[in-house]
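This briefing is intended to accompany the sequence and coordinates shown below. It moves from the chain as a whole to individual positions.

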Amino acid sequence: MTPQRFPLRLAAATLAAAAALTTLPGCAPLLIGGAMVGGTMVVLDRRTSGAQVDDQAIELKAAARIRELALPAHINVTSYNRVVLITGEVTREADKASVEQVVSRVDAVRSVVNELAVMDPSSLGSRANDGVLSGKVKASFVDAKDLQAQAAKVVTERGIVYLMGRVTEREANRFAEVARSVDGVQKVVRVFEVISEAELANLQPKS
């Protein structure tokens, strides 16, 4: 069995570095979660800044607590708007339940979606392929002109694509449709938080 692996997110460090760089003379302003279009800030992340910070903290704390379990497993934790997706592989049903329990107790977690498979941990080759597949799915979202590509977070395990984000039902269906069309995708699982069209309109930058 391969040893447990927990990817540590670098988002918090990136935020700190960006904040430091914006204070340097002669540097153009750095934008986190947004883009400049015609001199206007266009917000790309549909979460509040508080939720983004919470998500980073949740992922780090959850990974640390899972490590303490010392399981022969491959486990990934992804938080979006305080909804936590657990993916990867554990060797026993009891381990799957234990992981969900410790993650659910992390501060600020609203709910947990436990997609752990009970099987031997995936190979490094399989994980590398998943990374490539995630890239292909994201590129397909960019190519789909009727989608805001950045609205969907993509997580891939063993060819299964999980989609997270705050989207309308219309967007959710379209994201899933595009993801399914990518060669190599075995299955698409929607872990979206569905919002109304009116809520989406309120999230859009005002002209």
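The chain contains 6 helices and 9 strands, and the model is a predicted one. Of its 207 residues, 40% are buried.

**Chain as a whole**

- The accessible surface of the chain amounts to about 10800 Å², and carbon and sulfur atoms contribute 55% of that area.
- Among contacts in the chain with a separation of 6 or more, 70% are between residues 24 or more positions apart.

**Strand β8 and R166**

- R166 belongs to strand β8, which covers residues 160-167.
- The relative accessibility of R166 is 15%, and because buried means under 20%, R166 counts as buried.
- Beyond its neighbours within four places in sequence, R166 contacts R46, Y80, N81, A151, E193, I195 and L203.

**Strand β9 and V191**

- V191 is located in strand β9, formed by residues 187-194.
- With a relative accessibility of 11%, V191 also counts as buried.
- When residues up to four places away in sequence are set aside, V191 touches L85, V113, Y162, L163, M164 and G165.
- V191 and R166 are 25 residues apart along the chain, and their C-alpha atoms are separated by 9.5 Å.

**Loop positions with positive phi**

- N81 occupies the loop between β3 (74-80) and β4 (83-90).
- The phi angle of N81 is near 55°, a positive value in a residue that is not glycine.
- N81 has 9% relative accessibility and therefore counts as buried; N81 is also one of the residues in contact with R166.
- R158 is placed in the loop between β7 (153-157) and β8.
- For R158, too, phi is near 55°, again a positive value in a residue other than glycine.
- R158 has a relative accessible area of 23%, so this residue is partly exposed.

**Points to check in the structure**

- Which residues does V191 touch, apart from those up to four places away in sequence? They include Y162, L163, M164 and G165, together with L85 and V113.
- Is N81 buried or exposed? N81 is buried, at 9% relative accessibility.

How values were computed:
Residues are numbered from 1 along each chain as its sequence is written. This is a predicted model: local features need pLDDT of at least 70, side-chain atom pairs count only at pLDDT 80 or more; totals for chains, interfaces and linings use all residues. Side-chain values use heavy atoms; hydrogens and water are left out. Helices (H or I, at least four residues) and strands (E, at least two) are DSSP runs, numbered from the N terminus. Buried means under 20% relative accessible area, exposed over 50%, partly exposed in between (1.4 Å probe, protein chains only). Contact means heavy atoms within 4.5 Å. Accessible areas come from the Shrake-Rupley method with a 1.4 Å probe; for residues, only the protein chains shown count as cover.
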